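Q: Could we go through this model together, helix by helix and then its core?

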Amino acid sequence: MQRGQFSSRFGFLMAAAGSAVGLGNIWSFPTNTAESGGGAFVLVYLVLTFLLAYPALMAELTIGRHTQSNVVGALDKLATGPFSRIAAKFVGLGGVLTASMILSFYAIVAGWMLSYLLVPVAQVTGATGAEAWLTGGSPANPGNWWFFTAIFAALTMMIIGKGIENGIEKWSSRLMPSLLGLLIALIIYVMMQPGAMKGLQVYLVPNFDHIGPNLILSALGQAFFSLSLGVGTMLVYGSYLSKQENLPKLGASLALIDVGIAFTAGLLIIPALFVAEAAGTEIYADGSLIAGPDLILQVLPKLFESMGSIGMLVSFAFFALMSIAALTSSISMLEVPVSYLIERFGLSRNRATQIAGSLILAFSSLIVFNFASLFGLVADLATVYFEPLLGAGFCIFVGWIWNRNSLINSIAEGAPEVKDSLFMKIWPTYVKFFCPALILLVLAQTLNLFG
Ligand code: TRP
């Protein structure tokens, strides 16, 4: 069967940036920053992105482009003996499972974004009943959460069903420039409001008292989640990449775009929080800044309301930004199980999309209706434990199982100048020893293995 491919470097960059730039950038990054010492968190995050996340990203992209295969097939192709073949199954299927777990809770949050997107529409048309319904979901009353989760899952499936070039690439190339435009317009507007400068200060002036193991841990988790690492998303996108491209350069552009948009989103969210304060909304709870869902679903909507009729436009733009960011990320998660089903079982793309999509939606529904006990658990298991662990697994495959000459030739394919680059002098050794060791060390910390 003919495999799909991205039609251009730009198409790949938009798709991969679309995967990386998501609620992780526009929601988690600014709220984590607000909670943990402003600029200090930003600094640690930047350092970790280039020290650990970029090398791990390169591991996935190289494996993908070399093997031109889904995540399970790719690791299997690299395996050299019975032991590494078993490891390939473990890490590969672990990736498929974790990507599906991430999508199952991500789609719920994305559903909230869709429902809030419709609030200004309900306001303009005077449908007050609809407005109350749109914002009235809760763990005790999850009906509308389920409804919008299902709509979001359907949108994701529609794009993935259309394939690489006509689905992923086409929609990412449309949506990503709109995302950037919305983000910049919103920043300009918020910066002109009273209170914005105070927020800018909190964001950018580091408070080094906060730096400690916890901050480092959450910054590492943030860096991995933000670059979509550890589940084979980037591996699969790399497998649709032509062999003409300079991989280290593409990977570096991708990391820069991701970090750049996270940083820029901070320029929107944190000042907006302080604009809300200036407009009379409480932004502290128990002595620290309100973060997480309350920030996005309560503080900001109150701010939009206080702005009068232009607030409806601003609110619409904001939740459109969030929904777009979520959609270009969720398609990259669904592609992991879909590409596996297609290549392993010879299914058609539509069939594979229906099967993977409905299984994941069923799991999402389970979470929605048992929100209090399942949501945090699934999110933590997948992002705090499985992602870094599998990320270390990809690095180990590159460093220890893949023959080094073949690795070097594969990266340099299409870009011979890479052979003499600084990247090539450092990375192969780095990814073999440092990456897995550091990832496992941080993980051991999380599990409190050192007491
Ligand atoms: N990176 C995305 C974000 O920042 C989320 C994401 C997409 C993701 N694909 C992933 C996270 C794969 C982990 C694994 O929101």
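Q: How does the span of helix α11 compare with 1.5 Å a residue?
A: This is a predicted model, in which local features need pLDDT of at least 70 and side-chain atom pairs count only at pLDDT 80 or more, while totals for chains, interfaces and linings use all residues. Residues are numbered from 1 along each chain as its sequence is written, and side-chain values use heavy atoms, with hydrogens and water left out. Helix α11 (residues 213-226) has 14 residues and should span 20 Å at 1.5 Å a residue; its end C-alpha atoms are 20 Å apart, which agrees. The expected span is 1.5 Å times one less than the number of residues, and helices are DSSP runs (H or I, at least four residues) numbered from the N terminus.

Q: Which residues of α11 are buried?
A: L215, A219, L220, Q222, A223, F224, F225 and S226 are, where buried means under 20% relative accessible area with a 1.4 Å probe, protein chains only. Just after α11, S228 takes a positive phi of about 60 degrees.

Q: And what is the end-to-end distance in α9?
A: The end C-alpha atoms of α9 (residues 164-191) are 38 Å apart; the 28 residues should span 40 Å, so the two values agree. Among the buried residues of α9 are E169, S172, L186 and V190.

Q: Which residues does F318 touch?
A: Leaving aside residues up to four places away in sequence, F318 touches L186, L268, I269, I296, L300 and F304; contact means heavy atoms within 4.5 Å. F318 is also one of the residues with the most contacts inside the largest nonpolar core, alongside I63 and I296, and that core has 165 residues. A nonpolar core is a set of buried Ala, Val, Leu, Ile, Met, Phe, Trp, Tyr and Cys residues joined through side-chain atoms within 4.5 Å.

Q: Changing topic, at what angle do α3 and α19 pack?
A: Helix α3 (residues 39-67) and helix α19 (residues 422-446) pack at about 110 degrees, with axes 9 Å apart. They are therefore roughly perpendicular, a class that covers 65 to 115 degrees. The axes are lines fitted to C-alpha atoms over the stretch in contact, and angles run from 0 to 180 degrees between N-to-C directions.

Q: Which residues meet there?
A: Those in α3 include L51, Y54 and M58, and those in α19 include F423, W427 and L438.

Q: Is N144 buried or exposed?
A: N144 is buried, because its relative accessible area is 3%. This residue is found in helix α8 (residues 143-161) and touches W133, L134, T135, G136 and G137, not counting residues up to four places away in sequence.

Technical notes: Buried < 20%, exposed > 50% of the residue type's maximum accessible area, 1.4 Å probe, protein only. Helix = DSSP H or I, 4+ residues; strand = E, 2+ residues; numbered from the N terminus. Parallel < 35°, antiparallel > 145°, perpendicular 65-115°, else oblique.
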